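The following is a walk through selected parts of a structure. Please keep the sequence and the 3D view at hand while reading.

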Amino acid sequence: MTTTAPNALNVECETGNYHTFCPISCVAWLYQKIEDSFFLVIGTKTCGYFLQNAMGVMIFAEPRYAMAELEEGDISAQLNDYEELKRLCLQIKRDRNPSVIVWIGTCTTEIIKMDLEGLAPKLEAEIGIPIVVARANGLDYAFTQGEDTVLAAMAARCPTPTAVTNTEERNPIQRLLNFGKKKEEVQAEASQYHDHPPLVLFGSLPDPVVTQLTLELKKQGIQVSGWLPSKRYTELPVVDEGYYVAGVNPFLSRTATTLMRRRKCNLINAPFPIGPDGTRAWVEALCTTFGIEPQGLAEREAQTWEKLADYLELVRGKSVFFMGDNLLEISLARFLIRCGMRVHEIGIPYMDKRYQAAELNLLSQTCAAMDHPLPTIVEKPDNYNQLQRIKALQPDLVITGMAHANPLEARGMSTKWSVEFTFAQIHGFGNARDILELVTRPLRRNQALAGLGWQQLV
Amino acid sequence: MKLAYWMYAGPAHIGTLRIASSFQNVHGIMHAPLGDDYFNVMRSMLERERDFTPVTASIVDRHVLARGSQEKVVDNITRKDSEEHPDLIVLTPTCTSSILQEDLQNFVQRASLSTTADVILADVNHYRVNELQAADRTLDQIVQFYIEKARRQGTLSTTKTPTPSVNIIGLTTLGFHNQHDCRELKHLMADLGIQVNLVLPAGASVHDLARLPQAWFNLVPYREIGGLSAQYLANEFGMPSVTITPMGVIETARCIRAIQSVLNEQGADVNYEPLIEHQTRDVSQAAWFSRSIDCQNLTGKKAVVFGDNTHAAAMTKILTREMGIHVVWAGTYCKYDADWFRTEVTGLCDEVLITDDHTVVGDAIARVEPAAIFGTQMERHVGKRLNIPCGVIAAPIHIQDFPVGYRPFLGYEGTNQLVDLIYNSFTLGMEDHLLEIFGGHDTKEVIHKGLSAATDLTWTTDGLAELNKIPGFVRGKVKRNTEKFAREQGITEITVEVLYAAKEAVGA
């Protein structure tokens, strides 16, 4: 990988006084992704209140998550952590019978130093359900990094080939693709793939996107032998020393590190498959790693751009300011610069220059190609300062959290709520339109409501 | 440890922030980890607020855990002071700061040496009080702080206003329909010839607080917030307070009569009886509604009520006393104030339910199978699952419970709103029930292409007569279903028997 090229991107660091979601929010999409899981958030009313309100209607759909709400007796250790957790986990086992219980450690468990990693194996043995511990707390992490902590913990649970007698039988994607086919056909199909070492992709994506990306790679003769996470905990992919792994999202540093250091995998450092440019670069990086000549990628990318013409018309020349709260910012900024937008500032909660190296590279290259000055990346931004800069710059679009969106709109600024980017389908060629659908929505609204004369309403 | 999916009342700091953000130019600083500033999102979304919510966090991170907050909190306070020039900064503890046990009071003292703003530490413990209790306390704390301050500076104005006047205490941001209630109460006071001295805390400036004692009395419309402040003012200045929630016709009259006697004791010589009479007959439609045939049809229908103390108690009284509805049980999640609730609803419902566990409430609804539910958003969802209509009467609430249209729950216009809410809940249920009886919801299959009445079927006189007995709003659907059935069965003449055979076939 060409990760060594020095990029002249200016990275600053502010005070970290910014608004974002607490990382425990990852339970909301992960419990839906991992269908046989149960997420137990061990925390306080504050955590519960956040989940209840942030997840809106999802809370009413009998979610497979709950709070283990700590009471004063738990804080002062008048109650025994182990006994308390055992009681609740047995209740969960009885009511829901999950294949895994994920404990989400919070700020409170950190501060009172509740030894979740120590308690879990004991309790696991006693109740017979795997217990995975993820410390997704607001002391250390922001929003999407919650998923990273969970997947890093899951990575340790991925089976090795020796632990699985029949890999073919176990692999869900293989099984799905092979469904109803005769053995000869399966062998014939296997020959469609190049002979490359096993590749496991990591990052939680909606199933349709998983299928799209898997098929995108199949076109290049690359076989995806598994995804972390899978649809079910019992179907976690086999991971062995020497396997290749690649991330699909920019916030998965810990997972990548765990796969490299603990599971001895080779990380393919690539830009992320967000936007047609990112998707192409991602596929190319995978091909390059396996010594495969990519087929028809340039055409595929060009076709995708063509279909975006109407939206590109809208965004071209417009300026955008990322306040930063979900770590998708670098990839999105890179895509939007390629779309012809001007990026004032890329706020980001946390910048892993190694894990995002290829993405940062692509950003610099894109800037060069589009004759765009290198934007400043602001790590741990200060929302107050950012608002002063926004006031001075008057960008055409501010990508920001809900705390600032309405007040900015009332001041005549167009905003897009950043959280939507984490829940919308934005990966691969097929979803590039969805990203622009989101980005252009305020711009289209502006067109529809032009000439009414009430932009500023403070 | 407690297994929980849902809570009715939020954590303590939410209450403090609701008070801080209600005042003008008061800034809340939370001592909290990243992500705990979710309050700003709620405020901005639910209230569709145009201004930035004056709440920031002094972030607790790993470094703070290792070394303590040290200068961080003080720096954040002084920084906010110079950036925003607030009158008051309220340092707000959270569950995290509760267990870190740092000396926040000391930070406050140090910070206030270098700030123009006043600085106080909200005296709330996460593990002891909930959102509502914390709001009550914080309001009281701020009131006391500024009364004391004015007293020291000699700016306290204790001379009563020449004409009767009132402080309305307890209207807050993110309070259920509070902004509409506020307008309605001001309107009511104007009708009573009472000058509104101050509304607290919504929209008030802390500089106004020294004028609090000028009012003749305090009106505390909600049970949960404002009681402590009113009590303090009573102790300090002998100010009487009226704590009857003017929700419903009877309670509104009772509230006005209490105001009358409070004022007359101070020599006002007012008689509000004619006004009560006029409002009840002409402005509120609720009294007439209770006599109307619509309401008669609700007699003895079963309902359940759940919410906060104020709204659940008032709702129970309205349903039972003003509409003849049978309230099977009434409940509250204000466990800390359960005795008050029991006293209020005794004799008005069969059973009292005190819990903050939504599954207990859900089970109690399923067990009773009421015709309508009056509860929070959670009960609305239980209702959806059980196919029982629900009117939302209390927080926790969603964006749709912050209407922009004028929807007070209090005062005489409030009684009108409540009539609609209650009647619409019950008729919806009835309509649903009739649809069920006469052939279910929208038929997806097309019977005819085109909407003309041309048909190869004939209705006999008795069949047609029977059809006409069916309520208008479902008649068309029943007719279509019957005709479809007849066609399928090869019947050309529809009699009353065919009509009911069709109904049975659809039901089967």
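**A helix, a sheet and some annotated sites**

After helix α10 of chain B comes B:G267, whose phi is positive, near 85 degrees. The model is predicted: local features need pLDDT of at least 70 and side-chain atom pairs count only at pLDDT 80 or more, while totals for chains, interfaces and linings use all residues. Residues are numbered from 1 along each chain as its sequence is written, chains are lettered from A and ligands numbered from 1 in the order in which they are written, and side-chain values use heavy atoms, with hydrogens and water left out.

Helices (H or I, at least four residues) and strands (E, at least two) are DSSP runs, numbered from the N terminus. Helix α10(B) covers residues 249–265, which makes 17 residues. From its first C-alpha to its last it reaches 24 Å, close to the 24 Å expected at 1.5 Å a residue; the expected span is 1.5 Å times one less than the number of residues. Buried residues of α10(B) include B:V249, B:C255, B:I259 and B:L263. Here buried means under 20% relative accessible area, exposed over 50%, and partly exposed in between (1.4 Å probe, protein chains only).

Chain B also holds an open sheet of 5 strands in the order β12-β11-β10-β13-β14, with parallel pairing. Its edge strands, β12 (351–354) and β14 (390–392), each pair on one side only. Two strands pair if DSSP finds at least two bridges between them. On average, neighbouring strands of this sheet are turned by 15 degrees against each other, direction ignored. Strand β11(B), residues 326–332, pairs with β12(B) in the parallel sense over 4 bridges, and B:G331 has B:L353 in β12(B) as its bridge partner. Helix α14(B), residues 309–323, packs on the sheet and touches β10 (302–307), β11 and β13 (372–375) of chain B. The direction of α14(B) makes about 160 degrees with that of β10(B); axes are lines fitted to C-alpha atoms, for helices over the stretch in contact, and angles run from 0 to 180 degrees between N-to-C directions.

Which residues does B:D36 contact, leaving aside its neighbours within four places in sequence? They are A:T46, B:H13, B:M30, B:T94 and B:T96, where contact means heavy atoms within 4.5 Å. B:D36 lies in the loop between β2 (26–32) and α2 (38–46) of chain B, and it counts as buried because its relative accessibility is 13%. An unreviewed UniProt entry places the feature "binding site" at B:D36. UniProt positions are given in the numbering used here, feature names are shortened, and annotations may be inferred rather than shown by experiment.
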